Amino acid sequence: MSVEQSDLMQSDLVRVRALVKHFPIANSDDVVRAVDGVTFEIKAGETLGLVGESGCGKSTVGRLVLRLIEATSGEIYFQNANVRAQSKSQLRALRREMQIIFQDPYASLNPRMTIENIVGEPLIIHGLGNKLERRARVAELLTKVGLDPDYMRRYPHEFSGGQRQRLGIARALALNPKLIVADEPVSALDVSVQAQVVNLLEDLQKEFGLTYLFISHGLAVVEHISDRVAVMYLGRIVEVASSIDLYARPLHPYTQALLSAIPLPDPHQNLARKRDRIVLKGDVPTPINPPSGCRFHTRCPAMIEECKRIDPELREIESGHTVACIRAPGWAEAQVKA
């Protein structure tokens with residue numbers, strides 16, 4: 001067993017270390033630094049929310065964890081298995097434990113297949129059960145996600161967006177996985193339907209002991225479903241904390257700006273909750289040539305000259321609360337965690 005494997009705590013279902021994904025640019029020596037040194041853990045049974053602006057690399061992280069795309073460098077451990085070191089046959093077996101819910105419920109379902117074939121396809125691929133057993137499993141899964149088992153003879157175009165996403169969830173559950181990467185699963189849905197799908201995911205997590213990597217730019221949704229939250233900016237994680245701590249006391253200026261944009265139901269009813277909106281200036285820099293020093297310094301309202309040359313690493317400021325910002329209280333004094 002390697003040092004990294006022995007370091008993998010039993011409570012950590014997933015451990016990612018220094019994960020990098022660079023996409024080459026045609027006819028150029030440059031690369032798109034989509035993910036540029038990401039480290040995090042997900043404990044068994046918890047939900048880790050991964051948030052950030054569009055293009056920050058959060059969806060790429062989800063696909064790297066499942067090895068749907070190959071990483072440039074870094075390490076990914078699922079339980080005690082080194083995901084990047086798995087052969088094709090080993091990875092096929094491992095993927096029974098890891099599934100994904102895609103963002104677009106319209107594009108992720110094959111319009112030529114019936115619901116029975118769509119939800120039951122993972123069972124066929126992995127050679128589980130005969131036809132009658134697979135049909136019974138599909139009926140069970142449809143019931144679990146709140147759909148009528150008789151729907152299995154229908155086609156995707158006969159369903160609403162919320163129903164289609166429930167079908168995507170049913171398909172992800174078919175093999176009884178331990179980890180589900182939910183890649184913006186409610187962003188394409190109406191607000192009222194979003195709440196229903198999020199509540200369904202929470203109920204399924206309790207029933208089956210699921211672990212989620214919940215990727216979203218909807219901060220209100222992430223607060224509701226997540227145990228811990230990791231904030232990404234331009235290919236890197238800049239802050240990680242429990243959901244309660246992060247939303248109550250964000251330490252990174254980028255996190256503070258994101259949270260200030262969440263609308264309050266009635267800010268006049270409770271003046272203590274009223275937020276001052278932080279408006280970030282300028283555009284997100286290109287991931288082809290990110291800024292030197294702190295990547296956020298070109299838009300940061302708290303920027304000082306040192307931010308242009310110091311590339312801050314994640315440091316634990318408080319128990320379970322890490323941040324990558326030299327202006328954060330206690331960052332300079334914090335010891336780098338091994």
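## Exercises on a predicted model

Ala-93 is found in helix H3, which covers residues 88-94. The model you are looking at is a predicted one, and the exercises below start from this residue.

**Exercise 1.** Work out whether Ala-93 counts as buried, partly exposed or exposed.

*Solution.* Begin with the cut-offs: buried means under 20% relative accessible area, and exposed means over 50%. Next, take the value for Ala-93, which is 46% relative accessibility.

**Exercise 2.** Find how far Ala-93 and Ala-230 are apart, in sequence and in space.

*Solution.* Along the sequence, 137 residues separate Ala-93 and Ala-230. In space, their C-alpha atoms are 29 Å apart.

**Exercise 3.** Describe the span of helix H6 and how many of its residues are buried.

*Solution.* Start with the length: H6 runs over residues 161-173, 13 residues in total. From first C-alpha to last it reaches 19 Å, close to the 18 Å expected at 1.5 Å a residue. Then look at burial: 12 of the 13 residues of H6 are buried, including Arg-164, Leu-167 and Ile-169. Finally, find the partners: the buried residues of H6 pack against strands S6 and S7 and helices H4, H5 and H7.

**Exercise 4.** Characterise the second largest pocket by its volume and its lining.

*Solution.* First, the space in this pocket is about 440 Å³. Of its 16 lining residues, the closest to the centre are Arg-95, Gln-99, Ile-100, Pro-122 and Ile-125. S6, H4 and H6 each give two or more residues to the lining. Sorted by class, the lining has 9 nonpolar, 3 polar and 4 charged residues.

Key:
Residues are numbered from 1 along each chain as its sequence is written. This is a predicted model: local features need pLDDT of at least 70, side-chain atom pairs count only at pLDDT 80 or more; totals for chains, interfaces and linings use all residues. Side-chain values use heavy atoms; hydrogens and water are left out. Helices (H or I, at least four residues) and strands (E, at least two) are DSSP runs, numbered from the N terminus. The expected span of a helix is 1.5 Å times one less than its number of residues. Buried means under 20% relative accessible area, exposed over 50%, partly exposed in between (1.4 Å probe, protein chains only). Contact means heavy atoms within 4.5 Å. On a 1 Å grid over the protein atoms alone, a cavity is a set of points where a 1.4 Å probe fits but cannot get out, and a pocket is an open set with protein on both sides within 12 Å along at least five of seven lines; lining residues have an atom within 4 Å of a point. Grid points are joined across faces, edges and corners, and a volume is the space filled by probe spheres set on the points. Ala, Val, Leu, Ile, Met, Phe, Trp, Tyr, Cys and Pro count as nonpolar, Asp, Glu, Lys and Arg as charged, and the others, Gly among them, as polar.
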